[in-house]
Amino acid sequence: MGDGDTAPAIDEGGGVISFADAPLRLDSGARIEGLEVAYKTYGRLNADRSNAVLICHALTLDQYAASRHPVTGKPGWWDRVVGPGRAIDPARFFIVCANVVGGCMGTTGPQSINPATGQSYGLAFPVITIGDMVRAQAMLLDRLGIERLFSVIGGSMGGMQVLQWAADYPERLHSAVCIAAAPRHSAQNIAFHEVGRQAIMADPDWRGGDYASHGVRPEKGLAVARMAAHITYLSEAALQRKFGRELQRDGLSWGFDADFQVESYLRHQGSSFVDRFDANSYLFITRAMDYFDLGLQHGGVLAEAFRRARDVRFCVFSFSSDWLYPTPESRAVVQALNAAGARVSFAEIRSDKGHDAFLLDEPVLHAALAGFFNSAAQARGL
Amino acid sequence: MAIREDFREIARLVRPGSRVLDVGCGEGELLELLAQEKQVEGRGLEISAEGVSACLSRGLAVVQGDADQDLDYFPAGAFDYAVLSQTLPQVRNPRHVLAELLRISERTIVSLPNFGHWRVRLDLLTQGRMPLTRSLPEPWWATGNIHLCTLRDFTALCDDLGLRIEACAALVEGKPARPIDPKHGLENWRAELALFLLSRNGAPPHAEPRRSGELL
């Protein structure tokens, strides 16, 4: 795409904000003292502070939604949606994207120094939830002087945060967009995450989570976790179309080298992932997703979660080939929103690209997002 | 583009600023018309992906879904009007859909082709084949209409469900709507396309509190 090259044209900001005065209170009852939140911004906040859009990122993504990644050098992960001429245009909106609590790109996470010990948290980091991530984002917005968001948007785990926002802070939202997500983790979702966590913990270099003090990293385990997870982000059709049974070289090796292109691709996905992601972060964030059950937080009735969110304009998207968070999950959210009397739009986008379609070239999604934001902006007087 | 005659008539019936659910909203022509002319708070329900994406890119609120299943999730009295323009013969269970519409809306507007129209009867009598008329232009193997009915059939269903017919008009493309008594035997021959304004019998308007917060 080469869109990263246009980045200098946009007003870009961000940094790390420290919350020295107030701890982050966690759902578990624990608290994080001296929370730091790393974030990026694009565009400018208007005079009446009504044009802010919060982007919530997925499990292994970060705040670099529309700017070059400092580690990989790749363009922003959502530059098809965020950028000049895109559905979320920095010329119109003030866009904020923050690394989640528990992450490893600058926000407090297991790699950070535990003020109580002066050492890296490791496994002593408290178990966090999607609700905790959202609470930290709300603290960031308070600090940035944003009382009410024009919109909160995210895909996958980002979509879960959007739903949590609607449940916890509906009065701070004008609109909300939830893409390829679910109101709770299914048994299959938890199962795949458990495979990933076990792979990490089975790596001898994990050292009970204390690898930092030993100067090693459980790279093999984290790579396997990524490989397994990556399969769930694609569809069978997409894998077949991309790789089929194509071989890396002429003929078979009659051994366990990466004979098939799909093997080589997955190995590359695994090994490049460990350069930019922390194994303990992976454990804590996948746990947060597994614990997510928005209905359960509201007496087992999902519609109750949205009781106060009637005046928020919602848009929900799923992808036809997403088997990680399949369409019925999004439909359950839509039905609950309808039952709560909220104004909701919903579309199942036809795509064979699987769960990752939300990050890819999906013109129908992008046109729908533009239409939704235009009409929401009109209603907000933007 | 010319506006469909039933859309014009629906726009005349709808109170300004009301909450409208258009079931089978297609690409959102009616919702757009109602938003422009009556400033309604419109919502659509549409089964086709093409229709839904057209609505969304026009900035309309639409849910991709199936009238046969998805109406059940709306709370009672969620809308002032539900509109079903030429969609009822296409649903799997018209009786259930109609009953649901009158649960979730105070008034329901239904337009449907009259299978009792004289041209239909004549075609069937003389040709012995499924009729092709202005309001039923597709051959039997291509039409989405799986539950066609006559005016008499429809008014009987309304009676059966305890619905009140507040108004009815016969529609012909390019001509003004003609108010009719749908139970009059002659109209069952004359009306090609009919539009009904229905409410629950006995239930006074606004019987249920608006936005009552009823949850599933």
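Predicted model: local features only at pLDDT ≥ 70, side-chain atom pairs only at ≥ 80, totals over all residues.
**View 1. Where chain A meets chain B.** On the chain A side, 25 residues are in contact with 20 residues of chain B. Four elements of chain A each put at least two residues into the side that touches chain B: helix H9 (302–305), helix H10 (327–339), strand S10 (343–349) and helix H11 (363–380). If you want one element to look for, pick H11(A), which gives the most to this side, with eight residues. By residue type, the chain A side that touches chain B splits into 13 nonpolar, seven polar and five charged.

**View 2. The two domains of chain A.** Chain A is divided into domain 1, which takes in 3–185 + 292–380, and domain 2, which takes in 189–286. Their centres, taken over C-alpha atoms, are separated by 26 Å. Domain 1 of chain A brings 27 residues to the contact, and domain 2 of chain A brings 22 residues. Sort the domain 1 side that touches domain 2 in chain A by type and you get eleven nonpolar, 13 polar and three charged residues.

**View 3. Helix H1 of chain B and what covers it.** Helix H1 of chain B spans residues 5–13, and its buried residues are B:Asp6, B:Glu9 and B:Ile10. They sit on the same side of H1(B), because they cover an arc of only 100 degrees around the axis.

**View 4. Strand S1 of chain B, covered on both faces.** Strand S1 of chain B (residues 19–23) is mostly covered, with five of its five residues buried. S1(B) pairs with strand S2 (residues 41–46) of chain B in the parallel sense, over five bridges. As a landmark in S2(B), B:Glu41 is the bridge partner of B:Arg19. To get from S1(B) to S2(B) the chain goes through H2(B), and this β-α-β crossover is right-handed. S1(B) also runs parallel to S4(B), joined by three bridges. In S4(B), look for B:Tyr81, the bridge partner of B:Val20.

**View 5. A:Pro218 in a loop between two helices.** This proline lies in the loop of chain A between helix H4 (211–214) and helix H5 (219–233). A:Pro218 counts as buried because 25 other C-beta atoms lie within 10 Å, and the cut-off for buried is 20 or more. Setting aside neighbours within four places in sequence, A:Pro218 is in contact with A:Ile200, A:Asp203, A:Asp205, A:Trp206, A:Tyr211 and A:Ala279. For a sense of scale, A:Pro218 and A:Ala202 are 16 residues apart in sequence and 8.9 Å apart in space, C-alpha to C-alpha.

**View 6. A:His174 and the residues it touches.** A:His174 sits in the loop between helix H2 (157–168) and strand S8 (175–179) of chain A. A:His174 is buried, with 21 other C-beta atoms within 10 Å. Leaving out residues up to four places away in sequence, A:His174 touches A:Arg148, A:Leu149, A:Phe150 and A:Ser151, among others. The list also includes A:Val312, A:Arg313, A:Ala376 and A:Arg380. A:Gly299, by comparison, is 125 residues along in sequence from A:His174 and 26 Å off in space, C-alpha to C-alpha.

View 7. A:Arg49 has phi near 55 degrees, a positive value in a residue other than glycine. Find A:Arg49 in the loop between strand S4 (35–42) and strand S5 (52–56) of chain A. A:Arg49 is partly exposed, with 15 other C-beta atoms within 10 Å. A:Ala180 is not a glycine either, and has a positive phi of about 50 degrees. A:Ala180 belongs to the loop between S8 and helix H3 (187–202) of chain A. A:Ala180 is buried, with 30 other C-beta atoms within 10 Å.

Technical notes:
Residues numbered from 1 in each chain as written. Chains lettered and ligands numbered in written order. Contact = placed C-beta atoms within 7 Å. Nonpolar A, V, L, I, M, F, W, Y, C, P; charged D, E, K, R; others polar. Buried ≥ 20, exposed ≤ 12 C-beta atoms within 10 Å, placed from the backbone. Arc of directions from axis to C-beta. Pairing = 2+ DSSP bridges. Right-handed = clockwise from strand over helix to strand, strands pointing away. Domains from an automatic or database assignment.
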